[in-house]
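User: Got a model I'd like to go through with you, starting with the aromatic side chains. Can you put it up and talk me through it?

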Amino acid sequence: MAPITLVKVALMVVIITTSTVDGFNVRSVRTKEKETKMVFYMQDWESGKNVTAVPVAGKNGTNSSVLNFATIVAVDDAITEGLDRRSKQIGRAQGIYVNSALDASDLHLLFSIVFTNEKYNGSTIEIQGADRFFLKQREVSVVSGTGYFRFAQGFAVLETVYLDLANLNAVIKFNVTIHHY
């Protein structure tokens, strides 16, 4: 009888542990899922006053152009409410992008949007994905977030609304949909 009792106890421990782990799902302790939609502009300036994007590596070292394959650019771009560079700043895009296509047509984005505005101050969303920058619109992922955007998932539709290709300056419109808790 002892072996059967031991098996029963072991089986009960497994059942309790499994139901506890499944029952204590992270989603069950979160509040109701929210959806936030927002539009903002990333001011990406590689030349002129107040440069915010700098090549840090590439085939020609720090003299590489973002328009060349294998160039890595560090960014600390202003995120603004409007298209104009002087419009109200609501955050910073901080991270890198890499020209990752042999034909130089794609930037792989890896950066955090760090919000500084009153509503989301200190919160972040993490952007990642392929930016086929010569397309009118393209989509990248929101893969995570912190603070107000904890457990974020979503996407951003990007559109270049200003491009000075000769000086490598651009303004990118982000139309973002985020699901978070």
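Analyst: Phe 40, Phe 111, Phe 115, Tyr 120, Tyr 148, Phe 149 and Phe 174 come together as one aromatic cluster. This is a predicted model, so local features need pLDDT of at least 70 and side-chain atom pairs count only at pLDDT 80 or more, while totals for chains, interfaces and linings use all residues. Residues are numbered from 1 along each chain as its sequence is written, and side-chain values use heavy atoms, with hydrogens and water left out.

User: What's the rule for an aromatic pair, and how many does it give?

Analyst: Rings of Phe, Tyr and Trp (its six-membered ring) pair if their centres lie within 6.5 Å; planes under 30 degrees apart are stacked, over 60 edge-to-face, and the rest tilted. That gives 10 aromatic pairs. One of them is Phe 40 with Phe 115, edge-to-face, with 6.2 Å between centres and 80 degrees between planes.

User: Where do those two sit in the chain?

Analyst: Phe 40 is in strand β1 (residues 34–45) and Phe 115 is in strand β5 (residues 107–115), so the pair links distant parts of the chain, 75 residues apart. Strands here are DSSP runs of E with at least two residues, helices are runs of H or I with at least four, and both are numbered from the N terminus.

User: Phe 40 and Phe 115, buried or exposed?

Analyst: Both Phe 40 and Phe 115 are buried. Buried means under 20% relative accessible area, exposed is over 50%, and partly exposed is in between, with a 1.4 Å probe and protein chains only.

User: OK, and what's the geometry for Tyr 120 and Tyr 148?

Analyst: Tyr 120 and Tyr 148 are tilted, 5.0 Å centre to centre with 45 degrees between the planes. Tyr 120 is in the loop between β5 and β6 (124–131), and Tyr 148 is 28 residues away in the loop between β7 (137–146) and β8 (153–164). Tyr 120 is buried, at 9% relative accessible area, whereas Tyr 148 is partly exposed at 29%.

User: Which residue lies over the face of Tyr 148?

Analyst: Lys 34, at 4.8 Å from the ring centre. The criterion is NZ of Lys or CZ of Arg within 6 Å of the ring centre and within 35 degrees of the ring normal.

User: Switching to the core. Which residues touch the most other members?

Analyst: In the largest nonpolar core, which has 31 residues, those are Phe 40, Ile 113, Ile 125, Phe 174 and Val 176. A nonpolar core is a set of buried Ala, Val, Leu, Ile, Met, Phe, Trp, Tyr and Cys residues joined through side-chain atoms within 4.5 Å. β1, β3 (72–80), β4 (89–99), β5, β6, β7, β8 and β9 (169–180) each give two or more residues to this core.

User: What does Ile 113 touch?

Analyst: Leaving out residues up to four places away in sequence, Ile 113 touches Phe 40, Ile 79, Arg 92, Ala 93, Ser 123, Thr 124, Ile 125 and Ile 127. A contact is heavy atoms within 4.5 Å.

User: Now the fold. How many helices and strands are there?

Analyst: Two helices and nine strands, and from the N terminus the elements run α-α-β-β-β-β-β-β-β-β-β. β1 and β9 run antiparallel, joined by 12 bridges, and β1 also pairs antiparallel with β3 over three bridges. Strands pair if DSSP finds at least two bridges between them.

User: What stands opposite Met 42 on the β9 side, and what's its partner in β3?

Analyst: Ile 172 stands opposite Met 42 in β9, and Ile 79 is the bridge partner of Met 42 in β3.

User: How many bridges for β7 and β8?

Analyst: Six, in the antiparallel sense. Their hairpin has six residues between the strands, and Gly 147 there takes a positive phi near 60 degrees.

User: Which non-glycines have a positive phi?

Analyst: Among them are Ala 70, at about 80 degrees, and Phe 151, at about 65 degrees. Ala 70 is in the loop between β2 and β3 and is partly exposed at 30%. Phe 151 is in the loop between β7 and β8 and is partly exposed at 40%.
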